[in-house]
Amino acid sequence: MQQKSAIVIGAGIVGLASARALAQKGFSVKVFDRHPQAVGASVRNFGMLWPIGQPPGTMYNRAIRSREIWKTIAADANIWYEETGSLHLAYNKEEWQVLQELENIFKKEKRNVALLDKNKIAEKYEHVNTDNLLGGLYSADEMLIDPREAIAAIPDYLQEKYDVKFYWNSCVSYISEQTVYIGNHEEHEADIIFVCSGADFETLYPEEFTKLPITKCKLQMLRTAPMPERYRIKTAICGGLSLLHYSSFKAAASLPVLQKKMAEEMKTYLDLGIHVMAAQNGKGEITIGDSHEYGLHLDPFDRASTNKLILDYLKTFLKINGNAIAETWHGIYPKLTNGDTEIFFSPDPGVYILNGVGGAGMTLSFGLAEEMVEQVMMVNA
């Protein structure tokens with residue numbers, strides 16, 4: 001029996017996860033990307049694998065499954081990772097109330113969380129700013145990778161383990177009758193084609209995307225130079241603004257009270273979609289962010305004023321030298337506006353579009369791709 005073939009378009013995290021899932025199902029897989037390496041949102045993020053942000057059920061389970069796959073790949077491919085957990089800090093009574101409610105909710109959901117008081121935090125995390133600190137919520141589920149290192153290494157891993165073929169500098173111009181065309185003359189046929197093009201959804205099937213409730217999100221981020229060896233945050237760390245950002249936190253009954261307080265006292269931050277987090281990689285560099293601006297046609301220029309707001313807020317909960325910043329950048333990812341968590345549909349026979357995972361691509365993609373490939377196999381059985 002001849003081996004079935006699959007093509008994946010896009011070598012970001014969704015494309016890589018799809019290639020892995022297809023290869024595990026026995027497909028001969030080719031991956032096409034227009035660049036010499038992945039350069040989009042998949043290399044421009046924190047590298048946080050973030051189950052705590054996902055609501056219970058399908059999304060949380062998908063995040064946990066993805067984390068386990070990340071651990072396996074990282075171990076096999078010698079990719080740095082650290083199971084740091086995460087720490088959300090409270091500096092006013094409204095934030096502290098939300099964290100107390102979340103601890104109770106999350107424990108009922110069997111998540112591994114614990115409230116820490118100010119003294120415990122000061123003892124364990126020496127670089128946390130304890131001025132006005134009331135306490136924090138620690139979660140053990142979260143893990144860090146370095147997205148630049150990991151996304152660059154996974155293609156070699158997939159090629160070696162599953163014989164996945166990568167075609168770089170190959171811009172797909174169109175797809176017709178399960179054939180991918182590179183320019184006008186190069187053709188590649190496959191039984192199944194996955195289109196995982198991220199924020200570039202104008203190139204292939206643009207007419208399908210215009211029907212969807214989809215926009216783009218631009219976020220500004222910063223990274224420090226390597227910190228001194230003794231400076232380790234030891235966890236992924238967040239301030240109170242992050243409590244307004246993740247869907248799982250909406251379960252807290254008092255969250256609207258905190259939202260009202262933030263709207264009155266930090267309107268500029270909310271207008272720019274700023275919530276502030278920090279993650280330190282194996283080299284000692286700290287990635288910091290971020291802001292969120294939405295629209296189909298986003299300003300290509302970054303604002304120094306936005307970066308200053310991010311750093312100013314960071315210093316309220318982390319002792320850090322702002323002069324250590326070595327890089328700034330922005331990333332753009334697609335986001336659904338109706339609350340859905342992903343796009344998965346077939347515009348033509350044998351062609352599947354997988355996109356729209358929002359800012360949770362690193363957290364969800366491996367588990368999501370397994371689920372979607374399983375669906376395709378059932379349909380085509």
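I count a charge as sitting over a ring if NZ of Lys or CZ of Arg is within 6 Å of the ring centre and within 35 degrees of the ring normal. With that rule I found Lys-216 over the face of Phe-201, at 5.0 Å from the ring centre, and Arg-111 over the face of Phe-106, at 4.5 Å from the ring centre.

I note that this is a predicted model, in which local features need pLDDT of at least 70 and side-chain atom pairs count only at pLDDT 80 or more, while totals for chains, interfaces and linings use all residues. Residues are numbered from 1 along each chain as its sequence is written, and side-chain values use heavy atoms, with hydrogens and water left out.

**Aromatic pairs**

I then looked up ring pairs, where rings of Phe, Tyr and Trp (its six-membered ring) pair if their centres lie within 6.5 Å, with planes under 30 degrees apart counted as stacked, over 60 as edge-to-face and the rest as tilted. By this rule the count comes to 14 aromatic pairs. Phe-32 and Tyr-167 form a stacked pair, at 4.6 Å centre to centre and with 20 degrees between the planes. Phe-32 lies in strand S2 (residues 28-32) and Tyr-167 in strand S9, so this pair ties together parts that are 135 residues apart in sequence; helices (H or I, at least four residues) and strands (E, at least two) are DSSP runs, numbered from the N terminus.

For burial I used relative accessible area (buried under 20%, exposed over 50%, partly exposed in between; 1.4 Å probe, protein chains only). Phe-32 counts as buried because its relative accessibility is 1%, whereas Tyr-167, at 25%, counts as partly exposed.

Trp-70 and Phe-366 form an edge-to-face pair, at 5.2 Å centre to centre and with 85 degrees between the planes. Trp-70 lies in helix H2 (residues 58-77) and Phe-366 in helix H10 (residues 361-379), so the pair ties together parts that are 296 residues apart in sequence. Both Trp-70 and Phe-366 are buried.

**Backbone**

Most residues other than glycine have a negative phi, and most peptide bonds are trans. Asn-132, in the loop between helix H4 (118-124) and strand S7 (135-139), has a positive phi near 70 degrees and counts as exposed at 61% relative accessibility. Asn-169, in the loop between strand S9 (165-167) and strand S10 (172-176), has a positive phi of about 55 degrees and counts as exposed at 53%.

Last, I checked the peptide bond from Gly-289 to Asp-290, which is cis, with omega near -5 degrees; Asp-290 lies in the loop between strand S17 (286-289) and strand S18 (293-294).
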